[in-house]
There are 4 protein chains.
Amino acid sequence: MYFASDNSGPVAPQVLTALAEANTGYAMGYGGDPLSAEVADGIRTLFEAPDAAVFLVPTGTAANVLALSCLCPPYATTFCSPVAHIHEDECNAPEFFTSGAKLTLVPGSDRMTPEALRASIEGEENRGFHGPKRGPVSITQVTEAGNVYTMDELRALIAVAKDYSLPVHLDGARFSNAAVKLGVTPAEMSWKIGVDVCVFGGTKNGLMGVEAVIFFDPAKAEEFQYRRKRGALLFSKHRYLAAQMQAYLKDDLWKDLATRANARCDQLVHGLSKARVEMLNDTHANMVFFRLPRATHEALQAAGAVYHFNDMTGSTAETVLTGRLVCDWNLSEAEVARFLEALNQVI
Amino acid sequence: MYFASDNSGPVAPQVLTALAEANTGYAMGYGGDPLSAEVADGIRTLFEAPDAAVFLVPTGTAANVLALSCLCPPYATTFCSPVAHIHEDECNAPEFFTSGAKLTLVPGSDRMTPEALRASIEGEENRGFHGPKRGPVSITQVTEAGNVYTMDELRALIAVAKDYSLPVHLDGARFSNAAVKLGVTPAEMSWKIGVDVCVFGGTKNGLMGVEAVIFFDPAKAEEFQYRRKRGALLFSKHRYLAAQMQAYLKDDLWKDLATRANARCDQLVHGLSKARVEMLNDTHANMVFFRLPRATHEALQAAGAVYHFNDMTGSTAETVLTGRLVCDWNLSEAEVARFLEALNQVI
Amino acid sequence: MYFASDNSGPVAPQVLTALAEANTGYAMGYGGDPLSAEVADGIRTLFEAPDAAVFLVPTGTAANVLALSCLCPPYATTFCSPVAHIHEDECNAPEFFTSGAKLTLVPGSDRMTPEALRASIEGEENRGFHGPKRGPVSITQVTEAGNVYTMDELRALIAVAKDYSLPVHLDGARFSNAAVKLGVTPAEMSWKIGVDVCVFGGTKNGLMGVEAVIFFDPAKAEEFQYRRKRGALLFSKHRYLAAQMQAYLKDDLWKDLATRANARCDQLVHGLSKARVEMLNDTHANMVFFRLPRATHEALQAAGAVYHFNDMTGSTAETVLTGRLVCDWNLSEAEVARFLEALNQVI
Amino acid sequence: MYFASDNSGPVAPQVLTALAEANTGYAMGYGGDPLSAEVADGIRTLFEAPDAAVFLVPTGTAANVLALSCLCPPYATTFCSPVAHIHEDECNAPEFFTSGAKLTLVPGSDRMTPEALRASIEGEENRGFHGPKRGPVSITQVTEAGNVYTMDELRALIAVAKDYSLPVHLDGARFSNAAVKLGVTPAEMSWKIGVDVCVFGGTKNGLMGVEAVIFFDPAKAEEFQYRRKRGALLFSKHRYLAAQMQAYLKDDLWKDLATRANARCDQLVHGLSKARVEMLNDTHANMVFFRLPRATHEALQAAGAVYHFNDMTGSTAETVLTGRLVCDWNLSEAEVARFLEALNQVI
């Protein structure tokens with residue numbers, strides 16, 4: 001009954017198989033091997049973007065901050081949600097990699113609205129050189145609070161960015177979960193709606209440790225490569241990053257893994273709803289936030305459920321606290337059923 | 001009728017005199033001259049802090065960010081008001097000089113409250129190494145919105161910082177105006193209430209371009225000196241910075257200049273009050289924010305008054321807009337009277 | 001006949017086995033899992049340093065620059081060889097992670113001498129705050145030119161660093177190869193001779209992508225953890241980094257792999273010597289640099305040998321060029337013999 | 001007999017006059033005042049560059065590093081002399097302001113030669129993304145060792161930079177001294193020979209604290225302004241920087257001051273030559289380096305001469321040491337004669 005994170009579970013068996021298959025003979029390092037080239041092509045094909053520049057990096061934070069470093073000058077600011085991972089969970093990595101660019105937090109609880117984004121953008125650059133220049137807009141899909149922007153919502157947000165000629169970064173740590181949830185293709189949820197740089201996450205969706213950063217306009221390709229190496233993020237035995245992605249692309253494994261995780265979350269949401277438990281998100285892909293009295297959370301944990309609670313409040317004083325349930329590809333229907341049963345007992 | 005800024009007026013004549021007097025013979029550069037040493041002693045004496053380390057820098061932003069760079073590691077965050085100069089008007093200089101530390105904006109409209117500060121501090125460091133470490137607390141006195149913290153308010157804020165062993169930085173661009181307003185000594189408004197690093201501003205109070213950064217515990221002295229030079233902020237002909245400060249200290253010129261500016265603001269506030277004009281600040285030293293319909297502002301400007309309006313809103317759509325009136329040492333009673341007369345005419 | 005790099009070969013089979021074994025069930029991410037704790041203990045045991053702080057990172061550059069970032073203030077300089085990996089092959093990563101510290105290149109062709117190091121150190125900090133503060137000394141063992149410092153040479157170098165109270169960083173990308181070559185224990189080649197922070201490399205010695213950074217004095221542990229996360233270098237599915245190290249420690253695999261690579265290099269050196277080929281290094285562990293006419297290199301390559309030539313000169317004009325042969329754990333006696341045979345044919 | 005630095009003397013009286021004249025009434029800060037605009041035009045006129053972007057900053061280091069920050073990406077390197085001020089005397093400021101770009105020191109004792117520069121440039125970018133990208137070439141004129149590149153030497157160096165499409169930065173802390181020495185116009189010694197960004201120094205040539213940074217192609221103007229503010233280097237009471245430059249331009253004061261300083265140096269060189277004292281520079285503008293036994297230097301200092309010795313060696317062990325004599329505008333013939341007399345006595 002492990003729901004604490006989609007970083008906690010095992011990797012899909014196809015990944016280990018691919019790693020073993022890649023583990024023969026010699027190949028140039030640093031991305032110069034045939035498998036890496038093949039995988040980059042495969043990602044371009046998946047995203048229907050034959051000219052895109054594709055890079056693999058070992059962590060999600062790396063993917064985000066290297067992308068932003070190419071989009072956001074040091075004297076500019078990136079617009080994002082106040083609960084964005086880049087703001088809350090990267091320990092100043094964005095500020096570091098952009099050499100001191102700011103993050104302008106667009107007021108709201110999770111998903112940005114076009115109105116709030118527009119107001120935030122308008123609020124910058126009205127002090128001449130005294131304040132930062134307007135920089136990229138960063139959107140997380142699936143959001144950190146487990147919500148999924150609809151395609152219309154994404155288009156509306158991106159339209160605001162385009163009004164100001166600002167580039168758009170998509171933090172796709174859970175890209176696959178969103179694409180599956182919405183029933184859209186990767187191209188439809190990225191460049192076709194105006195995303196300039198997309199992070200296609202792997203680690204949270206069954207891979208060992210790899211994310212793809214995709215620049216649909218390859219003009220920044222050289223800069224990215226220098227910054228990646230300078231950021232100590234260029235994997236020397238690169239074929240092992242590529243092998244994970246190769247497994248991910250083969251037979252649409254990325255879609256299968258996300259479908260499984262999403263289904264488990266649907267099952268959870270259904271059960272929570274039946275039990276009349278308050279849930280915070282109004283949409284979901286593979287994560288749901290729910291509210292229970294402290295004692296109930298503690299009882300659930302005592303029954304063996306592992307998940308974080310308090311995540312959204314930061315306070316331990318309250319009686320009713322928010323818990324977060326994250327479903328990964330490996331979670332079974334039986335485990336979810338066991339959780340729901342325990343839940344019904346402790347309520 | 002110039003009220004746009006306290007950076008706009010002439011410098012006090014005593015400053016030019018001091019510059020001329022310092023302009024004889026040869027002296028070591030970079031702060032190694034006798035006048036610089038004498039002035040550092042003078043500031044220590046004024047602040048009753050015989051062990052303090054004192055440094056002169058040419059801009060207010062420099063003073064703030066060099067101070068913060070010694071107090072805030074790159075992986076930490078500084079707590080400040082959402083309208084703090086370090087956040088709104090330094091074009092990412094704090095992020096630059098601290099190598100990417102964040103600024104945590106303590107919710108509120110201007111002055112931080114102990115409760116809000118405590119909540120913000122509590123909100124950090126609850127995610128292990130995923131979020132920044134708690135760093136210094138930065139307080140501006142006089143605030144950017146023209147308010148003056150009372151001594152009790154300062155003590156209460158600083159007590160919160162001390163609860164968490166966080167160092168306290170005072171942005172004293174208008175330090176003198178505040179000290180005069182409150183009728184306290186520099187020591188009373190700095191180290192005696194727990195301020196660790198104080199910026200004693202000169203530029204806004206009649207000097208040409210110099211601020212003193214005072215570290216009451218001299219342990220950081222060496223680090224500051226390296227960072228100042230590295231920041232391209234070590235003035236080579238340093239005696240000319242020192243000469244300005246020498247004039248400032250002599251016969252308490254710093255106090256006289258601030259007293260004059262404050263008095264002009266009292267006169268303004270009295271007049272605005274009589275005219276039943278809405279004012280935003282509940283206290284004032286040398287700045288007041290007032291609200292009038294757009295047309296009235298425009299009429300006032302047409303009558304020759306120079307000041308910024310919209311400062312606090314960022315929006316040009318409103319009919320009623322906020323204007324900012326700043327009084328410097330050079331402003332005369334007659335000029336203020338002329339303004340109030342014009343005001344009464346256009347209302 | 002692949003000698004281009006020790007980043008090019010397959011990983012040891014024990015590594016894949018360990019990854020598969022680690023791939024069961026759920027575990028906290030970011031290093032909070034039991035395997036990671038067990039492996040840290042194992043490294044402490046191997047290094048006979050029960051109080052050391054041990055961290056795993058995914059790349060060699062990451063290990064070096066995160067170590068340096070904790071040892072070298074932004075206004076200081078790190079002393080290293082002109083051919084040090086941190087200077088030549090990390091694309092400004094040291095300057096980035098230290099927020100702009102310099103690298104002072106100690107004159108010499110590869111191994112630093114105590115005299116040259118002392119002169120370089122003396123050459124800094126004689127300009128007051130105008131030049132950088134003296135920072136750490138960084139030693140690579142095995143050096144980038146394939147040489148192995150003797151224990152006496154290391155002690156003499158470190159003694160110089162200690163004379164100036166400067167911390168010592170050991171770039172141990174090929175640590176195991178050196179330790180095996182010298183017949184010393186990890187403790188003997190690190191903290192026992194005064195190394196403060198040691199990088200215990202895995203990637204070049206048969207692992208997939210992991211290095212251990214060992215701080216013998218754990219005082220910097222908290223800072224390192226913040227900087228690692230901020231550097232986007234904290235692996236979320238950390239147990240897979242740990243599993244590689246677990247395999248490395250088990251049955252002294254680290255020693256076996258290095259022994260094999262070193263033996264292949266001995267075989268190469270013996271053969272080159274018999275063929276009267278000029279070699280540049282006077283010592284060797286698993287790398288040898290040799291000089292041949294361009295045409296001979298080309299013939300060798302045409303015969304199927306893969307290695308870099310020109311490495312040490314940067315010029316393509318010369319007739320006699322330097323080639324670099326690197327032996328990894330996977331190289332067989334037969335392959336080396338085949339190379340030597342081809343060599344003797346083309347000479 | 002003060003020869004220690006051209007930062008040590010008084011400022012030219014015309015400067016104080018200009019400051020006093022500027023000290024009337026109110027003017028927008030931060031460079032938005034009429035005098036600042038007039039002076040920028042004046043510099044454009046002086047340099048015959050009607051489209052140039054001109055900026056004033058308070059220190060020479062600021063001028064250099066802000067210029068480099070616009071020319072050199074963080075993952076690149078700037079080529080300069082090993083004794084360049086940007087390397088030896090700016091305490092890592094270039095590395096800081098460029099966010100970690102390197103400095104590639106072109107081998108040589110002072111003036112770079114085209115051959116050495118070409119070799120250094122060729123030495124970079126031959127390791128793909130493992131080493132930094134080639135960045136700007138930085139030339140100091142007058143050099144730190146007191147030499148003056150001839151126009152042909154400058155052209156030859158710049159031609160090498162242009163071969164590689166690298167921008168050229170001229171550190172002109174002593175620009176005027178060089179232009180006067182060579183009998184060329186500012187335009188002839190800058191954009192007409194291919195300099196992209198020129199620092200027109202004022203502080204060392206009789207001003208109080210101001211340098212002009214001139215971008216002949218104004219494309220970088222916006223970026224510079226953001227970086228200057230972010231660097232805490234935007235002077236708020238900007239008209240006082242402008243006033244100094246206004247005095248500098250008026251009646252070619254810049255030329256007069258430099259002519260005087262150069263003449264005093266000619267007088268010194270003549271005297272040193274007659275006394276058969278070894279001099280290090282083969283050319284000179286306003287600085288000469290000379291060699292005497294330690295005891296002789298000490299005797300000269302005891303006789304009242306103030307200057308640095310050992311500058312070029314860093315060692316105190318030698319019997320024969322190098323001293324540096326710097327002439328500023330204020331030095332009189334009589335003072336120089338007195339020095340030469342004392343010299344002849346102690347020899």
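Predicted model: local features only at pLDDT ≥ 70, side-chain atom pairs only at ≥ 80, totals over all residues.
Which backbone oxygen does the side chain of Arg44(C) reach? That of Ala52(C), at 2.9 Å.

**View 1. Arg44(C) and its surroundings.** Start by finding helix α2 of chain C, which covers residues 34-46 and holds Arg44(C). Besides reaching the backbone oxygen of Ala52(C), the side chain of Arg44(C) makes a polar contact with the side chain of Asp41(C), at 2.8 Å. Setting aside residues up to four places away in sequence, Arg44(C) touches Ala49(C), Pro50(C), Asp51(C), Ala52(C), Ala53(C) and Val54(C).

**View 2. Asn64(A), a residue in helix α3 of chain A.** Is Asn64(A) buried or exposed? Its relative accessibility is 1%, so Asn64(A) counts as buried. The side chain of Asn64(A) makes a polar contact with the side chain of His169(A), at 3.1 Å. His169(A) is also one of the residues in contact with Asn64(A) once neighbours within four places in sequence are left aside; the others are Ile86(A), Glu90(A), Asp171(A) and Val199(A).

**View 3. Where chain A meets chain B.** Each of the two chains brings 22 residues to this contact. About 1600 Å² is buried between chain A and chain B, with carbon and sulfur atoms giving 41% of that area. On the chain A side, Cys91(A), Asn92(A) and Lys102(A) lose the most area to chain B, and together they make up 35% of what that side buries. How many salt bridges cross the interface of chain A and chain B? There are 4. One of the salt bridges joins Lys102(B) to Glu95(A), with the closest N and O atoms 2.7 Å apart. The interface of chain A and chain B also has 16 residue pairs in polar contact. Two elements give two or more residues to the side of chain A that touches chain B, α4 (85-88) and β3 (102-105). The largest share of that side, 3 residues, comes from α4(A). By class, the side of chain A that touches chain B has 9 nonpolar, 7 polar and 6 charged residues.

**View 4. Where chain A meets chain C.** Here the contact takes 50 residues from chain A and 50 residues from chain C. The two chains bury about 4200 Å² between them, 61% of it on carbon and sulfur atoms. Tyr26(A), Phe96(A) and Lys237(A) supply 21% of the area that chain A buries against chain C, more than any other three residues. The count of salt bridges between chain A and chain C is 0, while 30 residue pairs are in polar contact across this interface. On the chain A side, the elements that give two or more residues are α1 (13-22), α3 (60-71), α5 (93-97), α9 (221-230) and α10 (239-249). The residues of that side divide into 26 nonpolar, 15 polar and 9 charged.

**View 5. A salt-bridge network in chain A.** Over all chains, the structure has 64 salt bridges. Lys220(A), Glu223(A) and Arg227(A) are linked in a network of them. Within it, the side chains of Glu223(A) and Lys220(A) meet at 3.8 Å, N to O. Glu223(A) counts as buried at 15% relative accessibility, whereas Lys220(A), at 32%, counts as partly exposed.

View 6. Asp282(C) forms a salt bridge with Arg111(C), and their closest N and O atoms are 2.4 Å apart. Asp282(C) counts as exposed at 56% relative accessibility, and Arg111(C) is partly exposed, with a relative accessible area of 22%.

Methods:
Residues numbered from 1 in each chain as written. Chains lettered and ligands numbered in written order. Heavy atoms only, no water. Helix = DSSP H or I, 4+ residues; strand = E, 2+ residues; numbered from the N terminus. Polar contact = N/O pair within 3.5 Å; in protein donor to acceptor, adjacent residues only side chain to side chain. Contact = heavy atoms within 4.5 Å. Buried area = accessible area lost by both parts, 1.4 Å probe. Nonpolar A, V, L, I, M, F, W, Y, C, P; charged D, E, K, R; others polar. Buried < 20%, exposed > 50% of the residue type's maximum accessible area, 1.4 Å probe, protein only.
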